[in-house]
Amino acid sequence: MIPQLEKPEIKNLWMIQLSTDLLFSSSLNKCPNRLQIGSALPNHFHNHYPHISEAVFQDFITNEKEGELDLQQNGQILEKKILFESEFCSLIVHAPPIGNRFQKFIFEQKDQMVQHNSRAIYYEHELGDSQIHWSGAYVDILGYPREEFTEVNIQRWVEMIHPEDLKHLKTGFEKDFKLDNPYDTFYRLKHKEGYYLYVQDIARVFVDEKTGKKIILGSITDISGLKNIEKKLLENRYTLNELSSIMPGMIYMFKKSPEGKYDFIFVSEGVKDIFGVTTKYFTQHFRKLKNRIHPDDLNIILETNKNASHSKTMEITFRIINPDETVKWVFCSSSLLKEQNGQDIWAGYILDISYTKKKEEEAKSNYLRYKQSFDNNPLAIFHYDKDGTILKVNNTLVKKANLENGEIILGKSIHDLYQHSSIYDTLLEGIESGSADYEGSFITHFSNTHFYIKLKITKLKFDNGFEAAFEDITEKDFVQCVMNDVATISAQFNDMDFFYELVKLLSKKLNLKYCLIGEYIPNGRSIQTTAIAKDGKIIPNFIYSLDNTPCETAISNYRREVVLISNGVAEQYPKDLFLQEENITSYCSTGINDKNGRKIGILVLADSKPMQNEEGIINIVSILSDRAGAELQRIQYEKILLESQQLYKSIAENFPRGTVDVLDKNFRYVYTEGSEYQKIGIDPKELIGTYHLMKYDAVTSLNAKKELDKVLLGQTVVYEIDFNGESYKKTGVPLINKQGEVDRILLVTQNISESKSAEEEREKLIKDLSSHNDELQRFAYIVSHNLRAPIVNITSLLDLLNEDNLADPNNVELIDSLKTSVAILNATLMDLIEVVSIKKEKIRKVETVNFESLINNIEKSLFKQLKEAKVKVKRDFAINEINYVHSHLENFFLNFMTNAIKYSHPERNTEIHIKTKMNGNNCIISFSDNGIGIDLEKYGDRIFGLYQRFHTHVEGKGLGLYLVREQIRSLDGDIHIKSEVGKGTTFTITIKNLPHPDQESIEFSQENTQ
């Protein structure tokens, strides 16, 4: 044991026997008495003084020279001395004497600085003293060896500082140096090799309250690398600003000191969008923005900052509380760009992700709703990819399949699970086409349970996969579904096509290998297959012998019972070659009877595996046997009917301008022939099987169907239709079968266009003659009435005339009256001459009349009257020209316009509206005024009569409208009137666009519209 020679300043003491490398420890030491130099002692030193590596301790201890090693902790020194003629050496850890608590405090502060940053130069200096105590990494930073650098005093240190930096720098070594807070400055310091380094100098003043002594403790760190980076960043500030202007959010860069101080080098304008403050405010007061962080996120940010020192990156999402108390979600990402002696430069960005967060929450909510809906869906569902791998299953499927959990099926392949299942082809079809459906029998893979299902395959919209949804249906529902499908094909197909579709349907729906319908041949004791499907596809028909087959049992069973052998049918009928060759295991059949109970055919189902759903198949076969029997019987009747086709054809071909048709109950052609088809260019053979009413328009088809429905009720009907511009007379006769039912319609059609046209011409001629006769009678009455009065008056006046004394004064008055009567007679004769001229007018001059020009001329001729009556004429000409008799049109408008002036309303100005438009080859002219109107209920039947007047307050003959109507009628036109007393009158004229002498007609188009 080493004697206790230690002084208070001695911390540890060891003796080493150099010849044996044995170590002897003092009783003060907290380590074993004997340690090997090569391992335990360097490790022990390093554990107590972690700033010094084990290798440094090893070199120091094994060196043959004496010396000291700065342990960089509380000013402690490891001193090595050679004793007893190099037999032993001592290792003593000691510190400068500590005279008071202040000196101890200084050591502790210096030790904390060293622990914080071991890659720095440390100094201790008492104000007023020129000496400095150096320690730390001065060799690594400035290149000076320990022996040389420990001699550096205040004057030498100042000489090492760059002259430009001395102008604004407090070195911290002045006697009057006062600083309450830590001193943090940057300057350039000369390296031993002559170049300058950027360093950061952090110092603090400590004062002994008892003695007033001031001790400065400081550290110097090389920040050249950071300064160069900062310089480059500042030089590229413009580029950063331009870059940040086109990027969302804010971009920033900052320096972080070892003490955790942040100094922002760059902040983009995007800070306004994130925090609502300027870049200047952010760089100077960013710590105040801590209050803007959501309280629930603050600890997460602090923890992330702490971890960032090790990971060199930081990513975090947190919330910011806006001034209006709304919450904004942001994403912050930072990365360390440069690390230099504990001083770091970080760069990063902050993005406003409120919208994204909102959509994320919505998506999460939607996903949870979708997952809940998926798991709780009453349908059993699984998802699979294009390779057939099952990706997802819902809870309903797990329960239906009696699985413990969904993990059992996840990852499995449909090719392994369902390759021999009834749904396998449907699953593959879904992959190929994106959708598929199946309805029928299904046996589960795991529990071997039988179900009737509806399976629907759909391509998933958002995932690259497919969904298989199983609906569990009852046997009753399944049978009904099959019947619905049968009804559908029954409506769409007839004859053999129906049987083909039926056997394909049953083979697929029931998942059976074979389905056939055959016609029973009694003489041959065999079945002639009518339609046969194998695995859902039609195959060629064949003759099937009944001897020693299960079909023989079905045919001979007069009670129409279903024969079903669910397993082993080939063993029961070893002589049935069909069963043996096709490896048939299960069989079901029933005989098909006609309405008289006679066997006419058979329906057979067969499969190479046992039948599971026996009851369902029996129900389906029982129902379908009646439907198949009806169709078989119908085909047989049609054969008989077609045998008489030649008779029908002979009748039809010799039937003039007509056709002979035979229709079934659905009005489809069973037979049709006739000479009329040659005229209209239709091949009658192409009509067989088509819908008779399909060629007609909707109205004609509806009317014809009403008549044909009567024929199905047993009535004989006769009706007419128009088709392709021709008129036809049709006679429908019911055809009754042996059971007394109408199952066909005989329809005889004859073209009556010529006779109907002749009839129409005859009726028109009679109508015209009758009209002219009535007109002549009215004209004769008016002539006799209007001429008779003035003639009687003249005769009476002549009788009163004094012929013996012509100078008689009474004769003067009589002669004046006589002149008046003669004038009236003359006017009446002139009117009648004009009327007769219109009726006798044969050749009329047709020319192109411009409505604008015509109305302008009429307005000029009536200028005075129009102006005095304050008439306003409005025009709306959809067409501007027409081929017509100019004098007639001029007379129309002149009469209407003068009437509008004569019969204007006293309480308002007269307005006239003239419109024109085309309707086919007819021109429609509308003339409206707002005058006093006419009571049509009282005078409507006389409005266009000769010498008809209805107002006495104006002059007139009552001839104008009569002449207008006669001129219009003379050219096959028409005129109508609408009028309301006190509101006005509208005349509507329909006239033809007549052929022009120089051209057939004027083309009316947008170019000649106004």
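In the predicted model, histidine 383 stands opposite lysine 392 of strand 17. Strand 17 is paired with strand 16 (residues 380–384) in the antiparallel sense, and three bridges connect the two. Both strands belong to an open sheet of five strands, in which the order is 17-16-20-19-18 and the pairing is antiparallel. The edges of this sheet are formed by strand 17 (390–393) and strand 18 (435–443), each of which pairs on one side only. On average, neighbouring strands of the sheet are turned by 25° against each other, direction ignored.

Helix 17 (residues 475–492) lies across part of this arrangement, namely strand 18, strand 19 (450–459) and strand 20 (466–473). The helix runs at about 130° to strand 18. Helix 17 also packs with helix 18 (residues 495–509); the axes of the two helices are 10 Å apart and the angle between them is about 155°. As angles over 145 degrees count as roughly antiparallel, helix 17 is therefore assigned a roughly antiparallel orientation to helix 18. The crossing of helix 17 and helix 18 is right-handed. From helix 17, the residues Phe478, Val482, Asp485, Val486, Ile489 and Ser490 meet Phe498, Glu501, Leu502, Leu505, Leu506 and Lys509 of helix 18. Classified by residue type, the contact of helix 17 with helix 18 comprises eight nonpolar, one polar and three charged residues.

The axes of helix 28 (residues 851–861) and helix 30 (residues 886–902) come within 10 Å and cross at roughly 50°. The two helices are therefore oblique to each other. Helix 28 passes helix 30 in a right-handed crossing. On the side of helix 28, the contact is made by Phe851, Leu854, Ile855, Ile858 and Ser861, and on the side of helix 30 by His886, Leu889, Glu890, Phe893, Leu894 and Met897. Eight nonpolar, two polar and one charged residues make up this contact of helix 28 with helix 30.

Strand 30 and strand 31 form a hairpin with two residues between the strands, and asparagine 724 in this hairpin takes a positive phi near 55°. Strand 30 (residues 717–723) and strand 31 (residues 726–736) run antiparallel and are joined by seven bridges. In a regular strand, the side chains alternate between the two faces of the sheet. The covered face of strand 30 carries Val717, Tyr719, Ile721 and Phe723, whereas Val718, Glu720 and Asp722 lie on the uncovered face. Of the latter residues, valine 718 stands opposite threonine 731 in strand 31.

Lysine 710, a residue of helix 25 (residues 698–712), touches Gln715 and Val717 when residues up to four places away in sequence are not counted. Val717 is also one of the residues on the covered face of strand 30. The C-alpha atoms of lysine 710 and valine 733 are separated by 9.7 Å, with the two residues 23 residues apart along the chain. Lysine 710 counts as partly exposed because its relative accessibility is 33%.

Another lysine, lysine 280, lies in helix 11 (residues 279–285). Lysine 280 counts as exposed because its relative accessibility is 56%. The C-alpha atoms of lysine 280 and valine 267 are separated by 8.5 Å, and these residues are 13 residues apart along the chain.

Note on methods
Residues numbered from 1 in each chain as written. Predicted model: local features only at pLDDT ≥ 70, side-chain atom pairs only at ≥ 80, totals over all residues. Heavy atoms only, no water. Axes fitted to C-alpha atoms, helices over the stretch in contact; angles between N-to-C directions. Helix = DSSP H or I, 4+ residues; strand = E, 2+ residues; numbered from the N terminus. Parallel < 35°, antiparallel > 145°, perpendicular 65-115°, else oblique. Left-handed = near helix turned anticlockwise from the far one by under 90°. Contact = heavy atoms within 4.5 Å. Nonpolar A, V, L, I, M, F, W, Y, C, P; charged D, E, K, R; others polar. Pairing = 2+ DSSP bridges. Buried < 20%, exposed > 50% of the residue type's maximum accessible area, 1.4 Å probe, protein only.
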